Amino acid sequence: MSCEPKNELTAESAWLDLKAYYDHHGSYLHMDEMFKNDPDRFKKYSVTLEDSNGNLLLDYSKNLINDTVMEKLIELAKQRKVDTMRDAMFNGEKINTTENRSVFHVALRNQSNQPMKVDGEDVMPGIQAVLKHMREFTDSVIQGRWKGYTGKAITDVVNIGIGGSDLGPLMVTESLRPFQVGPNVHFVSNIDGTHLAKTLKSLKAETTLFLIASKTFTTQETITNANSAKKWFLDNCKEPTCNILGRCLPVRLNTVGFEAISFYCYAFLFELIVFFFLS
């Protein structure tokens, strides 16, 4: 991509300048002293993003920075063309050069009516449709309208995935745990069977819902754990009419490879936005 920096990061003059400053002054940067000498340090090195859904505080005052370091960091950002790359990202340009894709996570956070285009096509209608589907589904689970095979409400949700299909939702779940409503959420990523076994030990098949998250459904760890979960579910069913359908929820990029887990849950597929999963 034309706007990409041509030099390695550590070859930039601004990086070398920053490193030289740290080598000479880094040992003298002490957090307690910097706060003591500058009562406005928090105000100077923090920013609050206001939003109707709640404000977001970005506090970088606890980093080993001062005015000189900030000036040098800003100069480094300029040399690395961060502002140019940022604009290219918002414009839907394919800045993921490894896979020749856009990096359009920002479209998922677009709460305005402004179009956001990739290859000339506005992606917002598709995103809004998927988000609406997700909201309808999660509301039905939280409110107890989505039932287990015995007619009881779901009490536990088990997310099976690895990498970004595990760490992202796990981080969000842990950070928002104090505000939890609805079922308990568990995460399984390790190929070691004890991880899944320990998670399922205290759960009941009749009130457990599985989320199977994968970009291609060819990831061996995810497929193995998904089939183990399927076996656990069927082994623990106590009703003659027990059916796996509706007890798992595949979350995927496309249907290629999806049939490998043999869950037969196509009616409940959630389509992932391609630039959300790939970056």
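This is a predicted model: local features need pLDDT of at least 70, side-chain atom pairs count only at pLDDT 80 or more; totals for chains, interfaces and linings use all residues.
Reader: Which residues of α10 are buried?

Author: The buried residues of α10 are T222, I223, N225, A226, A229, K230, W232 and F233. The list includes N225 and K230, so burial should be read from the relative accessible area, where under 20% counts as buried.

Reader: How many residues does α10 have, and what does its span reach from first C-alpha to last?

Author: The helix has 17 residues and reaches 24 Å between those two atoms, close to the 24 Å expected at 1.5 Å a residue.

Reader: With which residues is L200 in contact, leaving aside its neighbours within four places in sequence?

Author: L200 is in contact with V158, F210 and W232 once those neighbours are left aside.

Reader: Where is the place of N159, and is N159 buried or exposed?

Author: N159 is in strand β5. N159 counts as buried because its relative accessibility is 6%, below the 20% cut-off. Beyond its neighbours within four places in sequence, N159 is in contact with S165, D166, P169, H186, F187, V188, L211 and A213.

Reader: What can be said of D166, a contact of N159?

Author: D166 belongs to helix α8 (residues 164-175) and also counts as buried, at 6% relative accessibility. Its contacts, with neighbours within four places in sequence left aside, are N159, G161, F187, V188 and S189. A C-alpha distance is another reading: D166 and S214 are 48 residues apart in sequence and 9.4 Å apart in space.

Reader: How many aromatic pairs are there?

Author: The count comes to four aromatic pairs. A pair is read from the distance between ring centres and the angle between planes. Y45 and Y60 are tilted, with 6.1 Å centre to centre and 50° between the planes. The pair links distant parts of the chain, 15 residues apart: Y45 is in the loop between α3 (41-44) and β1 (46-49), and Y60 is in the loop between β2 (56-59) and α4 (67-79). Y45 counts as buried at 5% relative accessibility, whereas Y60 is partly exposed, with a relative accessible area of 26%.

Reader: Why is the pair of F137 and W146 edge-to-face?

Author: Its ring centres are 4.8 Å apart and its planes stand at 80°, so the pair is edge-to-face; the cut-off for that class is over 60 degrees. F137 and W146 are both buried.

Reader: Where does the charged end of R41 sit?

Author: The charged end of R41 sits over the ring of F35, 5.4 Å from the ring centre.

Reader: How many residues apart in sequence are D17 and K72, and how far apart in space?

Author: D17 and K72 are 55 residues apart in sequence, with 7.5 Å between their C-alpha atoms. D17 is in helix α1 (residues 13-25), and K72 is in helix α4. D17 is partly exposed, with a relative accessible area of 38%. K72 has a relative accessible area of 18%, which means buried under the 20% cut-off. Setting aside neighbours within four places in sequence, K72 is in contact with D17, L18 and Y21.

Reader: What are the totals for the protein chain?

Author: The secondary structure comes to 11 helices and nine strands. Of the 279 residues, 36% count as buried. The chain exposes about 17100 Å², with 54% of that supplied by carbon and sulfur atoms. Taking contacts between residues at least 6 apart in sequence, 60% join residues at least 24 apart.

Methods. Residues are numbered from 1 along each chain as its sequence is written. Side-chain values use heavy atoms; hydrogens and water are left out. Contact means heavy atoms within 4.5 Å. Rings of Phe, Tyr and Trp (its six-membered ring) pair if their centres lie within 6.5 Å; planes under 30 degrees apart count as stacked, over 60 as edge-to-face and the rest as tilted. Helices (H or I, at least four residues) and strands (E, at least two) are DSSP runs, numbered from the N terminus. Buried means under 20% relative accessible area, exposed over 50%, partly exposed in between (1.4 Å probe, protein chains only). A charge sits over a ring if NZ of Lys or CZ of Arg is within 6 Å of the ring centre and within 35 degrees of the ring normal. Accessible areas come from the Shrake-Rupley method with a 1.4 Å probe; for residues, only the protein chains shown count as cover. The expected span of a helix is 1.5 Å times one less than its number of residues.
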